[in-house]
Amino acid sequence: MLWRLLSLKPKHEASNAKTAAQEALDKAKEALDKAGQGGSSSEEIAALKAALEKAQADLQKQIDKMASLETVDKKIADLKKELEGGFVTDEKLQALAAKVDALTAEVVKLIGHRLTSLALIPTQHINGIAAMTFTTLQYTPQKYEAMPTHTSDPSGHTNRPVLDHKDAGTARYIATEKNKAYFHVSPSVGVRTQDILTPSFDCIKSENIMTKNADGTTITNNSPIEVTGHNIDKEGVLEVTFKKHSDFLGQQLSTTKEGNKEKFYMASLKAPISAENYTEDEAKDVEAGTIDGVYVNSEYARIEELIKLPYLANSRTDFGKTITGEFADEIQNDGNGDFYVHYHDSVCLYESNANALVDYYQAYDQPLDLKKLVKVCVSDKANDHAAHEDLVDYKDYGLTFRFRLAEAAYIPENDNDNKTDQQKFAEIDSPMNGKMSAKVYDISGSATAVGREPIVCVELIDSVNGNALVAQRYLKVKWTMEGKELAVPFNPVLFSCKVKNLVDTEMMNTMIYDKAKEGGMTKNEFHAIYTEFIVGEGAGTAEDLKDPEEGVESHNILWTLNEEDLGVFWPGQQEKTFTKTVIYKDPKGINADITVVMTRTVYMPALNVWGHMGTYWKGEKEYKIFNINPIVYGTKESNPAWNVVDGTNPTCNIYTDLLNGFLDDRGVKPTEGAAGAIYYTDKNVANTKFYYPAFGPMQPDHTMPENANGIYYAEEGVRFVFDKARIANYTYIWNDGTEVKAELRNNDTELWIKGELAATIVNHKANLLNADELTYNIKLQEAVPDHAVTDFTNQPTEAAKALVGKMVPINLVADLCNNAKNVGIVKQYEANIIEPLQVKKGEIDNFVDAKNEGSSIDVTGAFTYYSWNDNKQIVENTTGLPKALYDFYQVREAVWPLKAGSDNILDVTKIKTNLKLTDGNLEPEEGYTNGKLPANIEIRYEEKDIDGDGDKEKVLTYYNYSGTPVNKAYKLFIPVEYGYKWKTLINVYEITVAPNSGTPGTR
């Protein structure tokens, strides 16, 4: 309903009706005008006036309908827009359904229930023409004929097809009254089954492509095909059932050719409009007998009759898949073994041994519905059974099946010492119903029938025409003991990278042998019968372990779940239940299968760290922030991150071993690897910790014995990574002052900003000074970490600098099997990257306008650097330790914004003021920082003695060349770039330009 409503264009249909009404009005006006020019009687003029009034009323009615439909069109458009909103809740869906129903009712009220057009929904085109096809079956009545003895192996057949029946008459044709054709009705909403009377077909004999009016073509109604029923469904599709007219039975309605010309039948569906949908004029005309009704015709479509040959088939057959062999001996495999598509001839089955050519195995105490084993197939007459397809509606043609036990005694030559007739072990309730049951003499459902193989004769007959035989085949059924399904549940177990589940000797005795049949079976009895062990569905592998214990004859089942079978638990699941099926099978087919269903729930461990090296963590026993300091000047590196070095590199590096913050069960750093810092617990073992890695209990002075459960996890799977989930919440500052976000790469061990590598975590790397110690260094990125103090080219990346003084989110994770399937977060924390130098901004004086030789201010002390580890230790380009630290940190002098090409004149375009243009006037305004510097102002960065002590200071000098003194103080904002190896900083100095005290107006 919904798609039909959304695809409706009621306004378009109403527009057509409005156009027709306008045309009728125009014609009425024209006729009245001509009558008014003379020659018409008063009665004729009165009639024309009445026609004009009616045409005007009809036009107004259509105009009113158009106005209403414009509103409907808008509602439909709004509904479409609402549906485009993506996912909707159940409540919203119910609300939308209510809107659809209301809007549909509104549309129907406006456009009514009258059918306006029909369009065939073609299922086939023949030579480019839409066609209505239907199938007629052809067969020749058959009779049974005994065959001479031949091999029981169908592959040895000669002179195929090998059949038990032969022709006993002439060809017959059977048809159905339920052939179907489908038509779209318009409008697609509103037209119901009761809105049309029983349709009929207007038929023509066409040569090439003709229309019904061409060259006097004769139209015959409901001949050669006639309608037998019709129905309009809720989707607006008209289903028409039809049959071949009796006058044409025995001849095929197919295309004939004469030279280069084709001749074929065509049909147009003719649908009578029901009386309640007549217009007022139509109702009057029908009542007066002027017309016999109002009809809507579809376009003509080609009629093509298909002649098919029916036959009997195995219901397992899929005719869309590969079939091998020739007719009556074809074989197919459906994944459950080979089977014969058309079952067998009688001789093949009667000559077959026991356990051979069995078509169906059935539990002796359950009736078998033989009807479910067969179906009807057809092939094109021209193919003569070379290729078949399903005929689902065979009952519509009067075809049906009859079932009976084959009459002759069947005594297989092998495996039947008593020479027993297998036919005595079954009964069929009736040929038509086809319910077959096991029987021994007069005892129904006796277990004595188990292993017997009765043969069934299946007949396909024409029930309409004297029960004529169409086809006859044979199938063999073997009675079996009802299969048993035995449950073998294992207790829940803790996850490990390989879970072995052993059905041991005790479990085999109590859960399988004892339950295999009432009263139980001995081990020897069981395995003497069930000699086949089949691995069934479910996760993992299973094997039959024979004599697993020395000196004990027994069978066990080993079910193994490996890493792939276990799959992914984390983060979504804490436990999963796995199932595996194995089948014990009697190859003789006498005893039904014993199916063993094993189940095991596997649950995950809880992970934690043994402890923390508290001195490396910020705060009071919180262990949430791990401090990373720059390498200290003048110390010896114990864990060099890049290269073996005596002492430290020439300049400051920033890195550390993240494992420094953690302890193992002994209270020491786990130098054997980060896995030593972790233990796990088992929810089903109270108050017990287990070593995570296998090396845990092997360490000197270990505090616990080996894990009692024998479960350890992969050492290599423990590592440090940046936290992908949390990194999105962190913001860093780029060197231009803008805020930037970071991204992670390389399994979350690399942190990048703006396409530059900022930091790397290197897991599981041997200490360059001690190969027995594993390290987990986090390193801020430098191209050449050991560059000289004079090398200002091979510097850290700007991305690395952005991390300095900031936090980065870190996770200690454990990949239990080191296969990326189950990775647990052991600890989440932050690493605080300490800024190597602190910068203090000094105080500087202000400028005074109109001073002789310019106004100079000392900026020598604009910035002072202090070492991170001593807030009193000045770092400066002097002598001794301050100088050594100055070089170690690669401090850079302040860079004032000089004009391009000049070494001392500042770029005035980079200097801002608080002069704001308001109403065409520039005036100082407090808080405003984006004004331009006045014209003819120059500021220089130079060295000169301004305090008279004979030493030159670094100064800024202000010059006003305009010839006009400053009368009002205003402010300058001068950006200064400064920094050191790990920071590029920009600070803005605020300097006031004060009026000279001698300037008139200020005195």
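Good morning, colleagues. Please keep in mind throughout that we are looking at a predicted model.

I begin with the cysteines. A search of the whole structure finds 1 disulfide. Its partners are C497 and C817, with an S to S distance of 2.1 Å. The angle about the S-S bond is -105°, and the link is left-handed. Where in the chain do C497 and C817 lie? C497 belongs to the loop between β29 and β30, while C817 belongs to the loop between β51 and β52 (823-833). The two cysteines are 320 residues apart, and the pair links distant parts of the chain. Both C497 and C817 are buried. Two further cysteines deserve a mention. C348 has a relative accessible area of 1%, which places it among the buried residues. C377 is at 0% relative accessibility and also counts as buried.

I turn now to the aromatic residues. The structure holds 39 aromatic pairs. One of them is formed by F495 and F569, in an edge-to-face arrangement, at 5.5 Å centre to centre and with 75° between the planes. F495 lies in the loop between β29 (493-494) and β30 (499-503), and F569 in the loop between α9 (563-566) and β34 (575-585). This pair, too, links distant parts of the chain, 74 residues apart. F495 and F569 are both buried.

A second example is the pair of Y865 and Y980, also edge-to-face, at 6.4 Å centre to centre with 80° between the planes. Y865 is found in strand β56 (residues 863-867) and Y980 in strand β64 (residues 970-980), so this pair ties together parts that are 115 residues apart in sequence. Are these two tyrosines buried or exposed? Y865 and Y980 are both buried.

F495 and F569 also belong to one aromatic cluster, whose other members are F578, Y680, F690, Y692 and Y713.

Two lysines are placed over aromatic rings. The charged end of K827 sits over the ring of W617, 5.4 Å from the ring's centre. K840 lies over the face of Y866, at 4.4 Å from the ring centre.

Elsewhere, strand β55 (residues 855-858) shows two faces: S855 and I857 are on the covered one, S856 and D858 on the uncovered one. 4 bridges join β55 to strand β63 (residues 953-960), and the two run antiparallel. D858 stands opposite V955 in β63.

E773 is found in strand β50 (residues 770-780). Why does E773 count as buried? The relative accessible area of E773 is 13%, and the cut-off for buried is under 20%. Leaving aside neighbours within four places in sequence, E773 is in contact with D657, K669, T671, K765, A766 and N767.

Thank you for your attention.

Methods
Residues are numbered from 1 along each chain as its sequence is written. This is a predicted model: local features need pLDDT of at least 70, side-chain atom pairs count only at pLDDT 80 or more; totals for chains, interfaces and linings use all residues. Side-chain values use heavy atoms; hydrogens and water are left out. Buried means under 20% relative accessible area, exposed over 50%, partly exposed in between (1.4 Å probe, protein chains only). Contact means heavy atoms within 4.5 Å. Rings of Phe, Tyr and Trp (its six-membered ring) pair if their centres lie within 6.5 Å; planes under 30 degrees apart count as stacked, over 60 as edge-to-face and the rest as tilted. A charge sits over a ring if NZ of Lys or CZ of Arg is within 6 Å of the ring centre and within 35 degrees of the ring normal. Two strands pair if DSSP finds at least two bridges between them. A disulfide is a pair of cysteine sulfur atoms within 2.5 Å.
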